Amino acid sequence: MIEEKELAKLSYKGAPKIISKEFPGPVTKEYLDLAFDNESMARGGGRFPLVMAQGKGATVKDPDGNLLIDITAGVAVNAVGRCHPRVIKAMKEQMGTMMHAIDFSSVRRTELAHKVAGIMPKGLKNNCISYFTQSGSGAVETALKFVRKITGRTQVAAFHGAYHGVWFGCNSLTTGEQYRNGYGPFAPGVIHLPYPYCYRCSFGLEYPKCELQCAKYVDYVLNSPYTGADDVGALIIEAQQGEGGYVPPPPGYLEIVKEACEKHGALYISDEVQAGAGRTGKMWCIEHSDVEPDMITWGKGMGGDVPMGGLTIRKDLAQKIEDHSQPNTFAGNGVSSVACMTNINILTENDNALIKRAGELGEQIKTWLKQESKGLQTIGDIRGRGLMIGIEMVKDKETKEPLNQQVVGAIVGGLLERGMVMVPCGRFGNVFRFMPPLVITKNYAQKAVDIFIDTVKNI
Ligand SMILES: Cc1ncc(COP(=O)(O)O)c(C=O)c1O
């Protein structure tokens with residue numbers, strides 16, 4: 001059992017605390033101007049009106065000294081919180097020993113590959129090899145290349161609402177218009193299928209009466225003649241959709257999809273970049289199902305606050321990949337490797353205590369949110385697993401018309417003014433994601449729920 005008072009030491013005390021007269025404050029504004037002047041605003045954060053100066057656990061400070069509760073975890077990166085003292089200590093020791101090792105074997109990198117093999121889900125556990133990257137996009141991009149070599153096939157199936165990164169190959173899988181418009185055409189051979197978004201079912205059906213028509217549709221596309229899907233080498237799917245709106249698939253869905261892949265002879269890739277690393281209450285989100293994936297792409301929350309990603313694939317498949325066919329200069333940096341390893345140790349020690357707590361705390365947060373939002377017309381759906389909770393905002397509960405972007409923006413601003421960072425996602429940009437670091441205290445989590453509800457009520 002993890003003591004709340006131990007977790008409290010990992011974050012700044014007394015959050016939230018806004019001390020500047022207006023938000024953003026004057027120093028923050030100067031930095032924002034400088035950023036807008038010198039950086040491409042194609043970046044993920046765009047013109048988000050926050051500058052991060054210091055971070056600790058589930059809290060951040062801006063350059064004006066404002067202290068905020070962080071419900072973003074750096075978009076699911078800070079699983080064990082920002083600047084975890086054990087991660088910092090391990091990195092400092094490694095810095096004076098060995099950092100860059102030219103994509104050769106190094107002591108830390110080798111230890112990490114072994115460690116990763118031991119935490120994989122059924123089917124891959126201690127029966128896999130890993131390829132290290134610096135990001136989730138790099139992991140997915142490599143998966144696409146390896147699939148071609150392993151299967152000799154040219155098509156890949158992905159899903160509506162999917163986000164798998166924005167490099168050329170993975171961007172072909174990603175569906176968000178802002179990432180695609182004007183940048184195409186992308187890689188050929190991608191087939192997009194409907195993701196089981198039960199709140200807005202593509203088939204107009206309701207679970208469980210639907211009898212998982214959406215999963216059966218995947219089987220139909222992959223395994224019937226004349227659908228155009230005759231050469232699919234792999235299907236890539238998020239075991240809970242992230243950028244697409246924090247959408248968990250209904251029970252039984254992934255199992256049918258996996259079976260459809262097996263019938264077709266396609267590999268099953270679980271993209272765990274956002275939902276992995278303990279976020280949903282299991283080390284890997286796929287572990288909420290009975291599916292054994294052929295490959296896992298991972299990143300974000302695995303790095304322990306530094307860039308680290310990877311592709312882990314079953315050993316028999318890996319034999320088809322030729323030596324020296326995918327070099328990556330910076331992969332497996334000693335400092336990143338030791339940060340990742342320490343991060344994994346913190347997540348998994350004491351029989352996955354922190355991960356299990358994420359599952360329990362997530363249920364508690366959903367209960368608080370549901371209780372406090374009773375009667376609010378703008379909260380349409382509260383869903384998700386563990387600390388990957390989506391709150392879908394609508395104009396009206398009956399029509400489910402998405403809340404417009406102006407109001408969503410006003411809520412984001414209202415949250416910041418009250419000392420809380422939260423970012424929306426979703427196909428309509430109307431899903432607030434409650435995804436704090438796993439080390440957030442219950443006290444801060446409850447405060448965050450109160451602030452969220454108060455903000456929504458007062459916009
Ligand atoms: C499921 C998923 N895959 C891939 C990526 C791409 O990761 P990165 O931004 O590290 O390149 C993301 C990023 O949000 C993601 O959520």
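Modeller: Helix H6 (residues 136-151) contributes the most to the shell around the ligand, with three residues. Helices are DSSP runs of H or I with at least four residues, strands are runs of E with at least two, and both are numbered from the N terminus. The model is predicted: local features need pLDDT of at least 70, side-chain atom pairs count only at pLDDT 80 or more, and totals for chains, interfaces and linings use all residues. Residue numbers start from 1 along each chain as its sequence is written.

Around the ligand there are 14 residues, of which Gly136, Ser137, Gly165, Val273 and Gln274 come nearest. A residue counts as near when its C-beta atom, placed from the backbone, lies within 6 Å of the molecule. The shell holds three nonpolar, eight polar and three charged residues. Asp, Glu, Lys and Arg count as charged; Ala, Val, Leu, Ile, Met, Phe, Trp, Tyr, Cys and Pro as nonpolar; the others, Gly among them, as polar.

The helix to examine is H5 (residues 107-119). Its 13 residues should span 18 Å at 1.5 Å a residue, and the end C-alpha atoms are 19 Å apart, which agrees. The expected span is 1.5 Å times one less than the number of residues. Arg108, Arg109, Leu112 and Val116 are the buried residues of H5. These fall within an arc of 90 degrees seen down the axis, so they line one face of the helix. The arc is taken from the directions from the helix axis to the C-beta atoms. His114 and Gly118, on the other side of H5, are exposed. Buried means 20 or more other C-beta atoms within 10 Å of a residue's own, exposed 12 or fewer, and partly exposed in between, with C-beta atoms placed from the backbone.
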